[in-house]
Amino acid sequence: MLKTALHFSHQLLTECINPGNIVIDATMGNGHDTLFLSELVGYTGHVYAFDIQDKAIESTKKKITAQAIQNTTLIKDGHEHAVNHLPENTKIKAAIFNLGYLPRGDKHITTTSDTTLTAINQLLSILEESGRLILVLYSGHKEGMTEKSDVLTFAQTLPQDMYSVLTYQFINQQNNPPSVLCIEKKRA
Ligand code: SAM
């Protein structure tokens, strides 16, 4: 069976991340991606996870505390400021953005084109060779529709000699299922 967008985003992460890598969860939410990344990088790697909501930090903190996870730093700030929170000269192997609003949270607190594009640009500049930026895009709400369109428009302009850009989307499903965008850096 073809994978859902979420499962496919995890496959793309698994293929590129090795133990010891430094990676980013750009939208921590309830911490599912944070935990997934934490396993992939192992005890020698590190995950920096970002969210702007206390609710997300608390929910993820509970999970990492319950599992005694040591390789993860939770940061309450927007992903557009992510680079300011990393040690100097850090290079990352991957970042995941699961855009939109917190499931069962306030639907008005959502990612937006401006900050998402700022974050993408900044994180691309510190991405290692063969590293990947992966975005799960939702077009089922107004802000998400604009954000998806803006992000895809930007991604299409990335030079082919530097980046491979892939989209994964079911085109015959109802109710706007999420899609995936993956930007892989060919050379640093
Ligand atoms: N990856 C999460 C998980 O595994 O549960 C789901 C993420 S949820 C769809 C999107 C999250 O993005 C929300 O928790 C929201 O607060 C957060 N968010 C919105 N704007 C943000 C920003 N500028 N920087 C970081 N996170 C942001």
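Q: Why are H1 and H2 called roughly parallel to each other?
A: Angles under 35 degrees count as roughly parallel, over 145 as roughly antiparallel, 65 to 115 as roughly perpendicular and the rest as oblique. The axes of H1 (residues 5-16) and H2 cross at roughly 20° and come within 10 Å, so the pair is roughly parallel. Axes here are lines fitted to C-alpha atoms, for helices over the stretch in contact, with angles from 0 to 180 degrees between N-to-C directions. Quick housekeeping: this is a predicted model, where local features need pLDDT of at least 70, side-chain atom pairs count only at pLDDT 80 or more, and totals for chains, interfaces and linings use all residues. Numbering starts from 1 along each chain as its sequence is written.

Q: Which residues make the contact of H1 with H2?
A: His 10, Leu 13 and Thr 14 in H1 meet Phe 36, Leu 37 and Leu 40 in H2, with contact meaning C-beta atoms, placed from the backbone, within 7 Å. By class that's four nonpolar, two polar and no charged residues. The crossing of H1 and H2 is right-handed.

Q: Which residues come nearest to the ligand?
A: Thr 27, Gly 29, Asn 30, His 32 and Gly 78, out of the 22 residues around the ligand; a residue counts if its C-beta atom, placed from the backbone, lies within 6 Å. Helix H2 (32-41) and strand S2 (46-51) are the elements giving two or more residues to this shell.

Q: What confidence does the predictor give the complex?
A: An ipTM of 0.97 and a pTM of 0.97. The protein chain averages a pLDDT of 97, on a per-residue confidence scale from 0 to 100.

Notes. Helix = DSSP H or I, 4+ residues; strand = E, 2+ residues; numbered from the N terminus. pLDDT = per-residue confidence, 0-100. Left-handed = near helix turned anticlockwise from the far one by under 90°. Contact = placed C-beta atoms within 7 Å. Nonpolar A, V, L, I, M, F, W, Y, C, P; charged D, E, K, R; others polar.
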